[in-house]
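This briefing goes through a structure by topic, starting with the terms needed to read it and then moving from the fold to the contacts between chains. Please keep the sequence and the 3D view open alongside the text.

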Number of protein chains: 2
Amino acid sequence: MGDMAAGPKPLRSDAARNRDKLLVAATEIFADRGIDAPLEHIARRAGVSIGTLYNHFPTREALLAEVLPQQLAALERISADAMAEPDPWDGFVVFLEGLFTLQSQDQMLNDALTQGFTLATDVSQACRQGSLDAERIIARAQEAGRLRADFTMADLVTLIWAMSQVIRETMDSAPGTWRRVLSFFLDGLRAEAAHPLLPGAPSVVTDNRP
Amino acid sequence: MGDMAAGPKPLRSDAARNRDKLLVAATEIFADRGIDAPLEHIARRAGVSIGTLYNHFPTREALLAEVLPQQLAALERISADAMAEPDPWDGFVVFLEGLFTLQSQDQMLNDALTQGFTLATDVSQACRQGSLDAERIIARAQEAGRLRADFTMADLVTLIWAMSQVIRETMDSAPGTWRRVLSFFLDGLRAEAAHPLLPGAPSVVTDNRP
DNA sequence: GAATAAGTTGAGGTGTTCCTCAAGTTGGGC
DNA sequence: GCCCAACTTGAGGAACACCTCAACTTATTC
């Protein structure tokens, strides 16, 4: 009764348990080894054979598609916090700080946002949602005359690329370095700091990734 | 007579030819495949067996140590140009533009500067020389009151990390993007743009790499 | 033009990760 | 308690990159 909409198939109890163990293991391993961590490590950590992993998740992307959105959800909370900030510039800053804090805590997220928008549909879907939020935060700060007018969504993507590397490189030796870089960068994003772009810099930004 | 100071050993003619072919091939392959390119590719491009490559260069680092400084030399010319610029700020900008132009033209250099000061002694030696030049350029711009006072050499290293990723990511799809990011960043580095750092940002910079 | 030291070769061993599949195990309905 | 579909297992094949070394080739010297 009522399992008409259950869709796929009910899993056997042991299979369900293994699936969960795999998801937990994947979350951990991906978080600190990054998105390219060997799947064998995940299977081992889950106490399960590699065959079982492939049984449940035929590709690495399938596994990521289950694990990533969970982390990506944190991003929505951050967007909300940012919009809740009364001052639009502060909101923009809160958003960036939150975003990079997440990235610095989770290598998977860092990789995902970098390599990224090139992943499984579920994932890029979540990214797209994040993009919309970001766009609103940017627009609000610009309308208030606080954020320089020529800053675009594509520039945010580029900034994410830049910071992802800084985070990767300093995570162990000097965590927090990214806050310093961000401070400098933010000072260049204030409306009153804006100078003409360097000659040769593209002024029309072809959207970086679809 | 007079080969007392010749040091190592005179190479046989064919060996010398092969060595040259290897260096040329390495320069090309490293430049567009990056520092981790398979050594087999280099041997093949040189028209020589993999054994011969290992014969001449026992490790990847040994090969890099011959090829990199050659490219790194371009950096010295850029430093010179920068110091020749009458305006200290312009000099600073010229230096950064030159540096990143090099990086965007040569994946090897990009990787080397990123991963980098962790390489063979010859290489890190050359880096150290570059560091000294950079330090002078920074100091000059700061003494003129143009570059914000809290910008350090370690921040330059961090900036290089950041830009290396931007360059890697946009090289094919949108080259020149790095100029846009640099424009924004520079606007944050002007003395008059300086605001207090974000809370949590390290204000004393432990030198990033030895 | 022989002799030989110098140099070259590439098949093959090592290690890593990917992924598959035939054989074995087990949950759960009867 | 039996049975079978569902699930698990891990050895092993494929791909790639590393590096070595015994057998071969060649430049040079006399």
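Helices here are DSSP runs of H or I with at least four residues, numbered from the N terminus. With that numbering, A:Leu72 lies in helix α4 of chain A, which covers residues 60-84. The model is predicted, and the points below should be read with that in mind.

**Chain A as a whole**

- Chain A contains 9 helices and 0 strands, and its pattern along the sequence reads α-α-α-α-α-α-α-α-α.
- Of the 210 residues in chain A, 38% are buried.
- When contacts in chain A between residues at least 6 apart in sequence are considered, 65% of them join residues at least 24 apart.

**Two residues of chain A**

- A:Leu72 has 20 C-beta neighbours inside 10 Å and therefore counts as buried, given that the cut-off for burial is 20 or more.
- Leaving aside residues up to four places away in sequence, A:Leu72 touches A:Ala126 and A:Gly130.
- A:Leu72 and A:Gln129 are separated by 57 residues in sequence, while their C-alpha atoms are 10.0 Å apart in space.
- A:Thr170 is found in helix α8 of chain A, and with 21 C-beta neighbours inside 10 Å this residue also counts as buried.
- Again not counting residues up to four places away in sequence, A:Thr170 touches A:Pro175, A:Thr177 and A:Trp178.
- A:Thr170 and A:Pro202 are 32 residues apart in sequence, and the distance between them, C-alpha to C-alpha, is 30 Å.

**Contact between chains A and B**

- The two chains meet through 34 residues of chain A, which are in contact with 34 residues of chain B.
- On the side of chain A that touches chain B, the elements giving two or more residues are α8 (153-170) and α9 (177-189) of chain A, and α9(A) gives the most, with 12 residues.
- Sorted by class, that side of chain A has 17 nonpolar, 11 polar and 6 charged residues.

**Packing of α8 and α9 in chain B**

- The axes of α8 (residues 153-170) and α9 (residues 177-189) of chain B come within 9 Å and cross at roughly 150 degrees.
- Because angles over 145 degrees count as roughly antiparallel, α8(B) and α9(B) are roughly antiparallel to each other, and their crossing is right-handed.
- From α8(B) the contact is made by B:Leu159, B:Met163, B:Val166, B:Ile167 and B:Thr170, and from α9(B) by B:Thr177, B:Trp178, B:Val181 and B:Phe185.
- The residues of this contact of α8(B) with α9(B) comprise 7 nonpolar and 2 polar residues, with no charged ones.

**Length and burial of α9 in chain B**

- At 1.5 Å a residue, the 13 residues of α9(B) should span 18 Å, and the 19 Å between its end C-alpha atoms agrees with this.
- Of the 13 residues of α9(B), 12 are buried, so this helix is largely enclosed by the rest of the structure.
- Among the buried residues of α9(B) are B:Trp178, B:Arg180, B:Phe184, B:Phe185 and B:Asp187.
- The cover over the buried residues of α9(B) includes α8 and α9 of chain A, together with α5 (88-105) and α8 of chain B.

Terms used
Residues are numbered from 1 along each chain as its sequence is written. Chains are lettered from A and ligands numbered from 1 in the order in which they are written. This is a predicted model: local features need pLDDT of at least 70, side-chain atom pairs count only at pLDDT 80 or more; totals for chains, interfaces and linings use all residues. Axes are lines fitted to C-alpha atoms, for helices over the stretch in contact, and angles run from 0 to 180 degrees between N-to-C directions. Angles under 35 degrees count as roughly parallel, over 145 as roughly antiparallel, 65 to 115 as roughly perpendicular and the rest as oblique. A crossing is left-handed if the near helix is turned anticlockwise from the far one by less than a right angle, and right-handed if clockwise. Two residues are in contact if their C-beta atoms, placed from the backbone, lie within 7 Å. Ala, Val, Leu, Ile, Met, Phe, Trp, Tyr, Cys and Pro count as nonpolar, Asp, Glu, Lys and Arg as charged, and the others, Gly among them, as polar. The expected span of a helix is 1.5 Å times one less than its number of residues.
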